[in-house]
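Hi,

Here is the structure I said I'd pass along.

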Amino acid sequence: MIHMNDVMKVYDNGAVALNHVNVDIKKGEFVFLVGPSGAGKSTFIKMLFREVLPSSGILTVNGRDVIRMPNREVPYLRRSLGVIFQDYRLLPDKTVYENIAFAMQVIEAPRRMMQRNVNNVLDIVGLRDKYKCFPNQLSGGEQQRVAIARAIVNSPAIVIADEPTGNLDPDTSWGIMDIFKSINASGTTIVMATHDKTIVDAMQKRVIAIENGEIVRDEARGGYGYEN
Amino acid sequence: MKISTLEYFIREVFNSLKRNNWMSVASIGTVAVSLFIFGMFLMLVMNMNKMVESLESQVQIKVYLEEDFSRDDARDLEVDLKKMQGVESVTFVPKEEAMEKFKERLGDQKTLLEALDETNPLPDSFEVTLVQPEMVKTAAENIERLEGVEMAKYGQDVMEHLFDITRLIRIFGFALMFVLALATLFIIANTIRLTVFARRKEIAIMKYVGATDWFIRWPFVLEGMVMGLLGSLIASVILRFSYAGITAKIYNTLAFLPLIPEYPFLNYVTLVVIIGGMIMGAIGSAVSIKRFLKV
């Protein structure tokens with residue numbers, strides 16, 4: 001699914017964000033990305049959907065060569081991925097339903113399919129009865145669930161989440177993780193950057209730790225490994 | 001492109017115009033003003049061209065005959081004229097024909113001639129064209145010396161000045177039209193930039209979920225085209241009324257000026273203004289969205 005071979009990222013100001021990174025993530029895996037702030041987690045995540053272009057090395061995502069891919073193919077790479085952010089990034093003037101349907105609208109999905117898929121993901125995230133609400137009428141946890149619904153509505157092979165529980169209280173965070181678990185159970189690969197020790201320790205999934213741009217630990221069933 | 005996508009684009013355009021309504025009105029107004037000025041200069045330059053052309057074709061000597069000169073004598077004179085060096089053609093214009101032409105030229109106001117009570121004050125004349133229009137001065141002087149010739153008129157010095165002036169106006173006019181086109185482009189680009197800026201988050205989200213650049217760009221380009229279209233429609237309506245008004249005024253006072261008739265000329269001008277407005281709107285918005293597509 002995701003293959004990194006000797007990937008380097010050096011920003012224009014000379015800062016080395018990722019240094020000789022080698023990673024293989026297989027289909028259906030659930031991977032936590034941990035490490036101190038500024039260690040390179042965000043760069044790692046952003047490279048996967050090519051918001052950041054690696055400086056050298058080999059990076060393939062879903063069988064696509066991300067580095068040598070021409071710009072016009074980037075949208076098609078992103079259609080095979082679902083991206084979730086800490087700050088939800090919902091459109092405030094669109095309802096829950098419209099926010100989710102928007103992801104299908106922009107890839108010109110047929111309208112009948114749109115309705116079915118949106119209702120389907122609303123069921124998965126448990127917001128069927130709130131489809132008419134606007135984001136500011138929802139709690140943080142609910143907004144993040146809308147963002148997750150939007151990320152999975154096009155049935156992506158990989159879901160990439162950057163601190164999805166960063167703004168949420170523990171109970172709500174567990175609600176979000178339950179959704180991730182069920183998405184993962186249906187075969188979707190999940191890569192999640194997080195600072196949440198409790199969640200990582202409890203889930204016992206693969207943990208990749210990054211420090212100073214290098215992978216310092218990669219365990220199949222690991223814990224968070226840092227003191228909060 | 002799918003129908004549902006097209007629907008989405010159109011909805012986006014109108015939502016955006018509504019959302020920024022005062023900004024949109026201001027932009028459309030500014031576009032209308034600059035396209036109006038653009039159109040006025042276009043019409044001025046084209047009329048100047050027409051005048052130059054008609055003057056060029058009129059490089060000829062009008063030879064007016066004395067009133068008591070008989071038609072037989074005139075026929076002899078015609079032979080003499082044709083024999084003159086440098087003369088290309090000689091056409092006899094009987095006074096009746098001259099009257100008809102004059103009536104034609106007056107158009108709607110030919111009723112003025114009713115005051116003449118069927119008398120014809122115009123003389124018989126010859127129209128002499130020359131092989132070399134520059135020779136018009138000497139030729140006219142020679143002709144004037146012939147018997148039976150009242151006078152030989154030509155408009156050369158006027159013409160030379162006119163050529164200078166029209167050349168200047170043409171250059172100035174094209175430069176001004178170019179500048180106005182740029183200004184229109186700039187105005188539309190700026191307005192669209194504001195709407196794009198207001199929606200930069202939405203654009204970023206569209207990019208994250210895999211929208212192509214053209215899918216994102218289209219609603220904005222369409223919005224620019226709609227603003228260009230509305231602005232140019234307003235400009236065209238005012239242009240049409242203005243041109244009709246101005247030509248009417250000029251015909252009233254300076255009937256001899258060869259202006260381009262309103263139809264179909266105004267239709268062409270309208271077409272140019274509308275298509276120009278839409279193209280500038282499209283380019284203006286395409287330019288301003290470019291920066292926001294880099295996510």
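This is a predicted model: local features need pLDDT of at least 70, side-chain atom pairs count only at pLDDT 80 or more; totals for chains, interfaces and linings use all residues.

Residues are numbered from 1 along each chain as its sequence is written, chains are lettered from A and ligands numbered from 1 in the order in which they are written, and side-chain values use heavy atoms, with hydrogens and water left out.

**Four-stranded sheet**

Chain A has an open, antiparallel sheet of four strands in the order S2-S1-S4-S5 (strands are DSSP E runs of at least two residues, helices are H or I runs of at least four, both numbered from the N terminus; two strands pair if DSSP finds at least two bridges between them). At its edges are S2 (16-25) and S5 (64-65) of chain A, each pairing on one side only. S1 (residues 2-10) and S4 (residues 56-61) of chain A share five bridges, and A:Ile2 sits opposite A:Val61 in S4(A). Helix H1 (residues 41-48) of chain A packs on this sheet and touches S1, S2 and S4 of chain A (contact means heavy atoms within 4.5 Å).

**Six-stranded sheet**

The other open sheet runs S6-S7-S8-S3-S9-S10 in chain A, with mixed pairing. S6 (81-84) and S10 (214-219) of chain A each have a single partner strand, so one side of each has no neighbour in the sheet. S3 (residues 30-34) and S9 (residues 206-211) of chain A run parallel, joined by four bridges, with A:Leu33 opposite A:Ile208 in S9(A).

**Where the chains meet**

How much area do chain B and chain A bury between them? About 1900 Å², 56% of it on carbon and sulfur atoms (buried area is the accessible area, with a 1.4 Å probe, that two parts lose on being put together, summed over both). The contact takes 20 residues from chain B and 22 residues from chain A. In chain B, B:Ile205, B:Tyr208 and B:Val209 lose the most area to chain A, together 36% of what that side buries.

The rule finds two salt bridges across the interface of chain B and chain A (a side-chain nitrogen of Lys or Arg within 4 Å of a carboxyl oxygen of Asp or Glu). A:Lys94 and B:Glu202 meet in a salt bridge at 3.8 Å, N to O. Helices H1 (3-19) and H7 (200-208) of chain B are the elements that give two or more residues to the side touching chain A, and H1(B) gives the largest share, seven residues.

Cheers

How values were computed: Axes are lines fitted to C-alpha atoms, for helices over the stretch in contact, and angles run from 0 to 180 degrees between N-to-C directions.
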